[in-house]
Amino acid sequence: MKWMKTLLPLFLFISCFSFLSFAPRGATHLDGNSVPLVSAILAILAGIFLDRTQKFNDKIERILQDMAHPTLICLLVIFYLSSLFSYFLQKIGAIDSAIKIGLFFIPEQFLLPGLFTIVSLFSLS
């Protein structure tokens with residue numbers, strides 16, 4: 001039964017993420033972006049309190065050491081900057097104007113592939 005104790009944070013993350021993602025609107029006060037964060041924090045806390053072999057301070061130090069890995073920090077910086085860029089483009093209306101410009105220059109026979117290309121470009125930003 002030790003494997004159940006080991007996998008409990010993973011099961012907790014998956015169940016919280018599923019419940020919060022598929023809950024009806026208004027059942028939770030979370031938007032789509034904070035659901036993974038809340039689920040991850042609950043899973044981390046479960047992992048901290050399940051391990052009774054180490055001191056609490058040692059567990060916190062180990063988690064913070066693993067969180068400060070340079071690759072993870074780079075990933076988080078890229079995520080925050082892309083969110084900021086997307087928010088900025090939405091607020092100034094650049095996405096709508098670029099779609100209108102794209103639809104103006106795309107011939108009618110290539111409308112569907114052109115729309116796919118435009119949407120693909122903006123889904124990356």
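Visitor: Is Ile99 buried, exposed or partly exposed?
Guide: Ile99 is partly exposed, because its relative accessible area is 27%. Please note that the model is predicted.

Visitor: Where is the place of Ile99?
Guide: Ile99 sits in helix α5, which covers residues 94-105.

Visitor: Which residues is Ile99 in contact with, leaving aside its neighbours within four places in sequence?
Guide: With those neighbours set aside, Ile99 is in contact with Ile118 and Phe122.

Visitor: Let us turn to Phe13. Which residues of α1 meet α2?
Guide: On the α1 side they are Lys5, Leu8, Pro9, Leu12, Phe13, Cys16, Phe17, Leu20 and Ser21. Their partners in α2 are Val35, Pro36, Val38, Ser39, Ala40, Leu42, Ala43, Ala46, Gly47 and Leu50. By class, this contact of α1 with α2 has 15 nonpolar residues, three polar and one charged.

Visitor: At what angle do the axes of α1 and α2 cross?
Guide: Helix α1 spans residues 2-22, and its axis crosses that of α2 at roughly 160 degrees. The two axes come within 8 Å. Since an angle over 145 degrees counts as roughly antiparallel, α1 is roughly antiparallel to α2.

Visitor: Is that crossing left-handed or right-handed?
Guide: Helix α1 passes α2 in a right-handed crossing.

Visitor: Back to Leu12, then. What is it in contact with, apart from neighbours within four places in sequence?
Guide: Leu12 lies in helix α1, and beyond those neighbours it is in contact with Leu42, Ala43 and Ala46. Leu12 counts as partly exposed, because its relative accessibility is 27%. The C-alpha atoms of Leu12 and Ile44 are 9.6 Å apart in space, while the two residues are 32 residues apart in sequence.

Visitor: What about Val38: buried, exposed or partly exposed?
Guide: Val38 has 28% relative accessibility, so it counts as partly exposed. Val38 belongs to helix α2. The C-alpha atoms of Val38 and Phe17 are separated by 8.2 Å, with the two residues 21 residues apart along the chain.

Visitor: Which residues of α2 meet α3?
Guide: From α2, the residues are Ile44, Ile48 and Phe49. They meet Phe56, Lys59, Ile60, Ile63 and Met67 in α3. The residues of this contact of α2 with α3 divide into seven nonpolar, no polar and one charged.

Visitor: How do α2 and α3 pack, in terms of angle?
Guide: Helix α2, residues 35-50, and helix α3, residues 56-67, pack at an angle of about 140 degrees, and their axes are 10 Å apart. That angle makes α2 oblique to α3. The crossing of α2 and α3 is right-handed.

Visitor: A new topic: how many disulfides are in the whole structure?
Guide: A search of the whole structure finds zero disulfides.

Visitor: Is Cys16 buried or exposed?
Guide: Cys16 counts as buried, because its relative accessibility is 16%, and buried means under 20%. Cys16 is also one of the α1 residues that meet α2.

Visitor: And Cys74: buried, exposed or partly exposed?
Guide: Cys74 has 43% relative accessibility, so it counts as partly exposed.

How values were computed:
Residues numbered from 1 in each chain as written. Predicted model: local features only at pLDDT ≥ 70, side-chain atom pairs only at ≥ 80, totals over all residues. Heavy atoms only, no water. Disulfide = S-S within 2.5 Å. Buried < 20%, exposed > 50% of the residue type's maximum accessible area, 1.4 Å probe, protein only. Axes fitted to C-alpha atoms, helices over the stretch in contact; angles between N-to-C directions. Helix = DSSP H or I, 4+ residues; strand = E, 2+ residues; numbered from the N terminus. Parallel < 35°, antiparallel > 145°, perpendicular 65-115°, else oblique. Left-handed = near helix turned anticlockwise from the far one by under 90°. Contact = heavy atoms within 4.5 Å. Nonpolar A, V, L, I, M, F, W, Y, C, P; charged D, E, K, R; others polar.
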